[in-house]
Amino acid sequence: MAERFLPAITAPKPEAAPIHDLDSYLTLRTYIKGYTQTEDDVELWKAVRKHKIAVGLIKQGSKVVPNLARWFNFIEQTAHPSLDIPVRGKESSKESGAAAKDEGGSYDINLPDTDQRIITRFPPEPSGYLHVGHMKAALLNDYFAHKKYPGGKMILRFDDTNPDKEKEEFQDSIVKDLELMAIKPDEVTYTSNYFDLLRDKCIELIKAGKAYADDTSQEQLRAERMDRVESKHRNADAETSLAKFKEMEKGSEEGTKWYIRAKISMASDNGRMRDPVIYRCNPTAHHRTGEKFKMYPTYDFACPIVDAHEGITHALRTTEYNDANEQYQWFLLTLGLRKVHNWNFSRMDFIKTFLSKRKLTKLVDSGKVWGWDDPRMPTVRGVRRRGMTVPALQEFILKQGPSKNITLQDWASFWATNKKYIDPVAPRYTAVVADKRVQCTVSGVEGVKEEQREVHAKNAELGKKKVVFSKSVILDQADAASFAQDEEITLMNWGNAYVRKISKSSDDQVESLDLELHLEGDVKKTSKKVTWLSTDQHLVKVTLYDFDYLITKDKLEEDDVLEDCLNEVTETRTEAIADCNVANLKEDDIVQFDRKGYFRIDKTGKDGVVAFQIPTGKGGK
């Protein structure tokens, strides 16, 4: 497909026509060919980058070539390093820094030892679906390994050390969500691949007097660590601890009473250094290793060891691990492992939102939401189902940058970013609220007439739609109730009309209207421009959903009870009737119903269409 555009774009004398041709072609496309990135995208990207007119037009963005600008930036941000996409601004560090600042947060964070090949990792636990906070970690690790320092490597490692919570279903969903975000790890690994290595390292610590077995109750353990009190088993000899370790390996009744703690410093001001638990006995079968192991390492113990073993150069993670860095480095030093640098960035939190996997799981299990992909959920699948586009999600997250400054994000800016992408390409249709709709008789029109109109007034490439005109039309009750006798109004996409008769029910609801067409009227002089539908067409039943925040507080505090903070009503459903063109829509289409907003089509079928309203940043949502 690239050959269709390359000759004209690479011609000796650059011209604007082929650039506009490419922009039109990309109207409803993410990639040049098919549904994944190919070398066609890369070759065209390189050609466009060298085209002076194209670069100038792209800088103007959505004003001139919205689809080309969207595609160009998307390919630059997401191209896999093996495809050899050059990084814009890489010619000089000064230019690179300026480019990073233009994108939002600065990526010039002075990471140490970047003269070597950069190897990062994204280590999710397969115990739930990825939320938007996870995506920041994934995108930043991908960015530093593949964009900031080209030629690097990013590993997707499943931290599968807790068989009680983990499922293959979650593991598969994480892979798919990363694919959706155009994040392509160079390698996929599992912490469970290293269970034998981790077992050996734990024994090494015990033999060196740097770890011991403990059976202190969880409640007492918590109190002792808080008060810096040493366990009664802290100074047990290595042979005693190894004996308990063997019982743990067997998964025996005695073994389940014990766990292993690193012997660091109970006097430390850093609570993470006060002899943390590094191994627990758990006879539960593992979803990958079955019943081979009866004990499992903690994340804090496994992470630095596996990082060192896999050659990770920089462990990039959120600031909630600030205190854990000292512990991380202690394990590396004590076990004589290679150096790994820690860099922490702020997590991405939103108002009226919680990202705790435990709390999100509680909502799913209790039936408060439809599932992990519920459009009210802050999961990748949830925001995608509500109508967030992949390029917009990437842009928003990358603009946050790797800063350590903790901020509470507003969903308004999140969805406003998305609107930039959907507005130029969302076809326009009409829907009327079914409840108390008003029947109108229009004089001045003969019979039934059909016309082909642009489906988007500013984007002819989207094609046309059928508009039906007749004397029998319906309007929204809210619009009809605002009319005055003999007022001149505008019927959108038709023309002006006078309101000649208003018939109301005993409860003051408008039941019917008589309208007289006045197509000679000036639409600029009317204050009320309303949507309408001719009843002389196949009208489509549409259920329109809108959603609210799941919680009432801007931020949940530690002592808040989740159930006390839940919003009682988070879903609004409106039954509507839409024009005949809506029957041709498909699941995942994004459209605009005039004067009602943008919607993502969630379901189609003989019973009608289900559509979810997409926030635009107005009104805080």
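User: Domain bounds here come from an automatic or database domain assignment. Into which domains is the protein chain divided?

Analyst: This is a predicted model, in which local features need pLDDT of at least 70 and side-chain atom pairs count only at pLDDT 80 or more, while totals for chains, interfaces and linings use all residues. Residues are numbered from 1 along each chain as its sequence is written, and side-chain values use heavy atoms, with hydrogens and water left out. The division is domain 1 (1–79), domain 2 (119–191 + 303–348), domain 3 (195–299) and domain 4 (428–614).

User: How far apart are the C-alpha centres of domain 1 and domain 3?

Analyst: Domain 1 covers 1–79 and domain 3 covers 195–299. Their C-alpha centres lie apart by 57 Å.

User: How many salt bridges does a search of the whole structure find?

Analyst: Side chains of opposite charge can pair when their charged atoms come close. A salt bridge is counted when a side-chain nitrogen of Lys or Arg is within 4 Å of a carboxyl oxygen of Asp or Glu. Searching the whole structure gives a total of 45.

User: Which residue meets Asp-275 in a salt bridge?

Analyst: The N to O distance in this pair is 2.6 Å, and the partner of Asp-275 is Arg-234. Asp-275 lies in the loop between strand S5 (259–262) and strand S6 (277–281) and Arg-234 in the loop between helix H10 (218–227) and helix H11 (238–250), so the pair ties together parts that are 41 residues apart in sequence. Helices (H or I, at least four residues) and strands (E, at least two) are DSSP runs, numbered from the N terminus. The residue asked for is Arg-234.

User: Is Glu-395 buried or exposed?

Analyst: Buried means under 20% relative accessible area, exposed over 50%, and partly exposed in between (1.4 Å probe, protein chains only). The salt-bridge partner of Glu-395 is Lys-420, at 2.8 Å from N to O. Lys-420 has 46% relative accessibility and counts as partly exposed. Glu-395 has a relative accessible area of 8%, so this residue is buried.

User: Which residues does Val-390 touch, not counting residues up to four places away in sequence?

Analyst: Val-390 lies in helix H16 and is buried, with a relative accessible area of 9%. Contact means heavy atoms within 4.5 Å. On that basis, Val-390 touches Phe-74, Leu-180, Met-181 and Arg-384.
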